[in-house]
Amino acid sequence: MRLIDKRARVSRRTLLRTGAAVAVAAPVALAAGQAIAAAPVAVTGEAFATLVKLARDIYPHDRLADAIYAKVIEGIDTAAKDDADAKKLLMDGVAALDSAAMGMKHASYAAVPSYDERLEILKTMETSPFFQKIRGALVTGIYNNQEVWPVFGYEGESAALGGYINRGFGDIDWLDKV
Amino acid sequence: MATFDLNDATVVVVVGSGAGGGTLSNELAQKGIKVVCLEAGGRHEMEDFQNDEWGSFGQISWLDKRTTSGTWRVAKDFAGLPAWIVKAVGGSTVHWAGASLRFQEHEFKVKTVYGDIKGASLLDWPITLAEMEPYYDRAEKKMGTTRTNGIPGLPGNNNYKVLEAGAKRLGYKEVHTGRMSINSEPRDDRGSCQQIGFCFQGCKSGAKWSTLIAEIPKGEATGNLEVRPNSQVLTIEHDDAGKVTGVVYADKDGKQQRQKARVVCVAGNTIESPRLLLNSASAKFPDGLANSSGQVGKNYMRHMTASVYATFERPVHMYRGTTMAGIVQDEARNDPSRGFVGGYELETLSLGLPFMAAFLDPGGWGRDFAAAMDAYDHMAGMWIVGEDMPQESNRVTLHATEKDQHGLPVPNVHFDDHPNDVAMREHAWTQGSAIYDAVKATKTYRTPPYPSTHNMGTNRMSENARDGVVNKHGQTHDIANLFISDGSQFTTGAAENPTLTIVALAVRQADFIAEQMGKNAI
């Protein structure tokens, strides 16, 4: 089967030529927890960091860098800059998240160490407009972000490449072995 | 290309340019009849289509305001999007996957065969399979349907091969790459399938039949057809005698125009067609046009649908190649011993990563959801499509307060599953999962219905005027020169994808209209 390079959105030839696969792959493969350069315009820096943590907890993909989640939160933050209601929804939402975390785990949300414990907190507010706004934005913000498609093994546009008629549309080779 | 005057009262006005309207327009034009086809959406040619799910969704979908009610999950997850259909020249044939299946004989007479099913408003069609066969022949020929007329089947892609291997291990016999109106070899001045994928986003090679590429240009070439895009019909008008005289539509600038007509054929798909009749209510027809039976908008059907996705240890890359790449037909029969009447088809389906995130488990999140998405390239998928029970309470109505951009009431789509639908879906989910388990799926997913792509029944065909809206020719029982030309005329839905039957009915209706016009009966 024709498999695809899941490390980054660059050709294999480029990788071989540079001999620096890790560096080239960096935009997508940055480790979780890497510092985020974004400067929030509507919410506080602390709230922004909590929102990024929340974003990853909603759709937890170890192979995605924090920067991918931060980009979605950045979009939400930017849209809230001149929208008092949206800004309030975000700030109140983060406050509610922290308050629930304090009540249940005696720490702010971002400081609750285990995913399972944070999940317990999220379960109590998954139907809230705040949670749904973040989740809704992530569905397109994460999975419609072309930068991450190779990580999931999705190849995107194909017509310009002649379709898959000569590129493995029917090349599955393991069915008789299972 | 022809242009006709707004005051030319000799033209046939066709509302909509999809499977029904686009086909009918061409067929009439070929017979020398002058046609003005009014299409609410814009005209996007194949080079404009996008291999980009959300981009294409924004480009071609019908996104005008609609509301939903009822217990169906679509009303919760996609409250403003009851149907996933197209607003563009070519209608939903731009988006369709190409599956072209004839109805089975018993599916034209389900009231007789199934008997009385509690809560279901079943009715026999006023036509039989035998009467439809010559028109199915003509439809398959014009559409270049594979496995008909000596046209070979398409090659199977990876998604199909998984389905086929599992289905055969399970003992299913009728397993093949489908009867598809996608060229498997060059035909009708169009090339063969390049296995691009993105069939739902508009075929960029032209291998897939659509009215946009295969009917409308031929009609236009006769000099008898004018297609006006960005022209949304708002009301149909009539005279004191109760005959329709033309339509009022909003042009591309939102300005209202009045096109006179000798005959009006409505093919706006199953939500807009009844809405147009209801919005055309007048002093003479206070309940809406052609609605003496009270049936306009009722019996809305959307097929019993669902999906099964499965992940495997090794890669599949299901998105490569045709979206609907093959079918299992063994469950399409009527066999009430399974616990329900009617049957269903299992057809491969793939979604790209963006739509998989939106539709796999709408509203889903957390570790399990992320794990499923992590396995996206190891995933195979199928769509389940089966006969659903018509119910009077499933209906399209005019919203009491919400208005659209033209100031007209928006449609509300109400739907509740019938117990037969629920039982059939459960059976299909189980069988679909078993197919994938037979080739060692690591996990299977029962995905709920998407917003409706198969919309049927809201202006149904009936022998007696009291039971439905149109007769066996799609002619309204009440108004001789008013026709319904889309899937809304379906009496019942059958298990098969509806497009081939819509096209066959349009071919048949064109013959009837020409004959009636020739006799000056209309």
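What percentage of the 178 residues in chain A is buried? In this predicted model, buried residues account for 33% of chain A. The secondary structure of chain A consists of 8 helices and 0 strands, and along the sequence these elements follow the pattern α-α-α-α-α-α-α-α. Of the contacts in chain A between residues at least 6 apart in sequence, 64% link residues at least 24 apart.

The prediction as a whole scores ipTM 0.95 and pTM 0.95. For chain B, the average pLDDT is 98, and 100% of the residues reach at least 70.

The contact between the two chains draws 39 residues from chain B and 32 residues from chain A. On the side of chain B that touches chain A, the elements contributing two or more residues are α6 (158-169), α9 (353-359) and α10 (367-374) of chain B. Of these, α10(B) gives the most, with 5 residues. By residue class, the side of chain B that touches chain A comprises 19 nonpolar, 11 polar and 9 charged residues.

Within chain B, an open sheet is formed by 3 strands in the order β3-β15-β14, with mixed pairing. The edge positions are held by β3 (67-69) and β14 of chain B; each has a single partner strand, so one side of each is left without a neighbour in the sheet. Neighbouring strands of this sheet are turned against each other by 35° on average, direction ignored. The strands β3(B) and β15(B) run parallel and are joined by 3 bridges. Within this pairing, B:T68 has B:V413 of β15(B) as its bridge partner.

Helix α8(B) lies across two strands of this sheet, β14 and β15 of chain B, and runs at about 65° to β14(B). A residue is counted as buried if 20 or more other C-beta atoms lie within 10 Å of its own. For helix α8 (residues 269-279) of chain B, 11 of the 11 residues are buried, and the helix is therefore largely enclosed by the rest of the structure. The buried residues of α8(B) include the charged residues B:E272 and B:R275, as well as B:L276, B:L277 and B:L278. The packing partners of the buried residues of α8(B) are β1 (12-15), β6 (232-238), β9 (263-266), β14 (395-403), β15 (409-414) and β17 (482-484) of chain B.

How values were computed:
Residues numbered from 1 in each chain as written. Chains lettered and ligands numbered in written order. Predicted model: local features only at pLDDT ≥ 70, side-chain atom pairs only at ≥ 80, totals over all residues. Contact = placed C-beta atoms within 7 Å. Helix = DSSP H or I, 4+ residues; strand = E, 2+ residues; numbered from the N terminus. Buried ≥ 20, exposed ≤ 12 C-beta atoms within 10 Å, placed from the backbone. pLDDT = per-residue confidence, 0-100. Pairing = 2+ DSSP bridges. Axes fitted to C-alpha atoms, helices over the stretch in contact; angles between N-to-C directions.
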